[in-house]
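Please find below my comments on the model under review. They concern local packing and are set out as numbered points.

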Amino acid sequence: MELDLDVVDYIQVAVTDKKCMTILPNNDKRRVTQKVVVGDKNGVLQCFGIKKRDVNSIFKLLPGPPISSIQLGGALGTPQDKIFVASGSDIRGYSRKGKKFLDFNSNLTEAVANLWISGSDLIVGGQYVFNHFSDCVDQGYYLASDKINDIMCFPVNRKEGDGLTTVLACNDHVLRGCELKYEAEVSGAPQSITGYKGDGGEGKGRWCTGTGDGKLGHVLLSGEQPIYNWEIPNESNYGGVSCLSHYDITGDGVPELIVGRDDGRVEILSYDAADEPTLRFSHNFNESVTAVQGGVVGSLGFEEVVVSTYSGWVTGLTTEHLQKKVSGNFHAGGTANAQDLVFDEETERKLETLRSEVELLQQQVENERTKHMQRTSKAVAANSNEMTHAPTFHVNDRFVLSPSDSSYKLSIEVQTAIDHIVLQSDVPIDLLDVESTSAVVSYTKNPPNPDGTPNADNFLLATYRCQANTTRLEVTVRSIEGQYGHLQAYIVPRLQPKTCVLRRYPIKPLSLHQRVHDIDESRAMSSLKLIGQFSLPEVHSWFVKCLPDLPDRTPTGDTATLHFRNIFLETQLVCTYRKGEAQVFSDNISTISILKDYLSREATLKKIALNIQYEVNDASMRGAIQLFHPKLDEQLMLAKKVQLLDALQELQTHEGNMEFLAPEYQQILEDGEDLKIKFKKQPARLERLYGMVTDLFIDKYKFKGINVKQKIPQLLETLDNYDQESLIEFFQQT
């Protein structure tokens, strides 16, 4: 059974960060609604309740440093109604009435991004460092090997005498226990974790995880090895998971899983008898969701999910059906004359209040605009250097690799409406269509240099002109491995005076490689070995510039080993390096060639001499071609069917009845629309595969010192008449 929830907006604050909204437990013996606490990047912490659908402010503090996290706490065994706020490196505590009782400086060199409270234990996490305080006394710390995205502790419902175990969700696809009791790999970079069914399940170590590429999973962290119970793939290519929570909104005694995503979707999933989640409700807010919580907020007896978004909206998804109490003489087109509309007394009062607020705001805006124009005019007339400051605004952007379609998802979100965004790249990339994007895109042709040579600085220059009130733009980018540079976004909001913010995103040489934790050791691998006078931090920085998903911080220990998988070809890569030596193993010789060229270039810039040794395993060529085969076969068949489709459709127009055709041709006609859509979603994919096979062929013989460019026409002819064994034979005979 699907859930039927209504959307109701409560308030709008300034821009919010992840986990900066929560709901206070109801400690009052009277039957009253729960209160909502929210903090924003202006440093304002406020608490409000709802009474007769009106917002009733409980307290609102003065602005201060940006609030990065809000958690509830209290003594063990008592209601958790104390509010703890993280700002910079400071932790402040407030009562439910807004009275401050704690002001603690953690002395961390990093800003506190994650916070967890359990009794007198305070768990704080920066970008890489996790600290444990008890009664504000430092008990220890842990330095993670990659960025910490989220923190939780179990048991969730802790009692006196219980121990405390901290779980860190790190960017290298790993859940870690403090003091490194264990590591549990998940399928993507975990962005959010929550206890299974709210309390961690019966075993007190069961967790639900949400990853940056949109997957949901359930893992049991007890014993020596983690147990993976289920995983929900992101087949629809929705946004990454930004927040998770549990709440029993149906009243059946089993909490539902509430999921917030960075593309604005909120999903509610219920558990069946086998504890498998099933989607019951989804709604899209069209902006990043920063927090989701369940409670009784709007009306007594009606459960709801409260959602906070990036731009500061706090909204409820309530089980109460809100009827619009409007009557009037409506015309056939669905409109009504204003004088014919009749509202009830409560609605009329709310409308009058809104009209007054809008009129007041319009007057304030007009006054400020007049002052600004007068100040600017005087400065220009007097030839003064004193000019008005450009307006500042927050930008929430993400550039992440999507394994499902081997592309990068670029999402740009601004707190105000976007006027236009210009994308410029100095490296060849393709922009793919995104169905949810309503912006109008135009491409500017790259002019040549004054001497007539091609301009290599601008391979792409595209302008996205957004519709009115658009605050979020999503673009899909497909890169080519071996080509590296930067993609730049010039973001211009609808503000006066005009202001532009520049964001830069690196396109790395091996941009389609994703970090994994194990590989198929049975595959034949070619190898590359570099020996030189370089340090561990130096060689690590080279790999960081070449491969995605690597932290800037140098790994601990004397030796580092990294595993990667190419998400398009599914080839693999192993990098092992230490001071003075680096080794690379891969079943794709083109990957080794790209790394050799890039690492040699970096060493040359540092004036470091390298001793380069390599070994080409001919068996790896056959394995690589076998990995190419299903993709080549599929794309050639798709291109052939699309080519035949036009002729078949023209024949159908003239003949009408097509029963005389062979069954395979009739099937092509039936699947015509699907074939066109699939072909449109994969522009130039066949040409890209041809290019990869060509690079593989050239790189194989480049390591042997043989120039085979004159053989390329024969290779392309072999690909046009593709057969796997013929291609392997061509590689071996040349």
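Predicted model: local features only at pLDDT ≥ 70, side-chain atom pairs only at ≥ 80, totals over all residues.

1. Phe543 belongs to helix α2 (residues 536–546). With a relative accessible area of 0%, Phe543 is buried. Leaving aside residues up to four places away in sequence, Phe543 touches Leu550, Cys575, Tyr577, Ala582, Val584, Leu595 and Leu599. For one of these, Leu595, the C-alpha atom is separated from that of Phe543 by 8.7 Å, although the two residues are 52 residues apart along the chain.

2. Helix α8 (residues 712–720) and helix α9 (residues 724–733) have axes that come within 9 Å and cross at roughly 165°. The two helices are therefore roughly antiparallel, and α8 passes α9 in a right-handed crossing. Gln714, Leu715, Thr718 and Leu719 of α8 make the contact with Ser726, Leu727, Phe730 and Phe731 of α9. These contact residues comprise five nonpolar, three polar and no charged.

3. The structure contains 13 aromatic pairs. In one of them, Phe84 and Phe101, the ring centres are 5.7 Å apart and the planes lie at 90°, so the pair is edge-to-face. The pair links distant parts of the chain, with Phe84 in strand β7 (residues 82–87) and Phe101 in strand β9 (residues 100–105). Phe84 is buried at 9% relative accessibility, whereas Phe101 is partly exposed at 44%.

4. Phe697 and Tyr701 also form an edge-to-face pair, at 5.5 Å centre to centre and 65° between the planes. Both Phe697 and Tyr701 are buried. Ring pairs join Phe697, Tyr701, Phe730 and Phe731 into a cluster.

How values were computed:
Residues numbered from 1 in each chain as written. Heavy atoms only, no water. Helix = DSSP H or I, 4+ residues; strand = E, 2+ residues; numbered from the N terminus. Buried < 20%, exposed > 50% of the residue type's maximum accessible area, 1.4 Å probe, protein only. Contact = heavy atoms within 4.5 Å. Axes fitted to C-alpha atoms, helices over the stretch in contact; angles between N-to-C directions. Parallel < 35°, antiparallel > 145°, perpendicular 65-115°, else oblique. Left-handed = near helix turned anticlockwise from the far one by under 90°. Nonpolar A, V, L, I, M, F, W, Y, C, P; charged D, E, K, R; others polar. Phe/Tyr/Trp six-rings, centres within 6.5 Å; stacked < 30°, edge-to-face > 60°.
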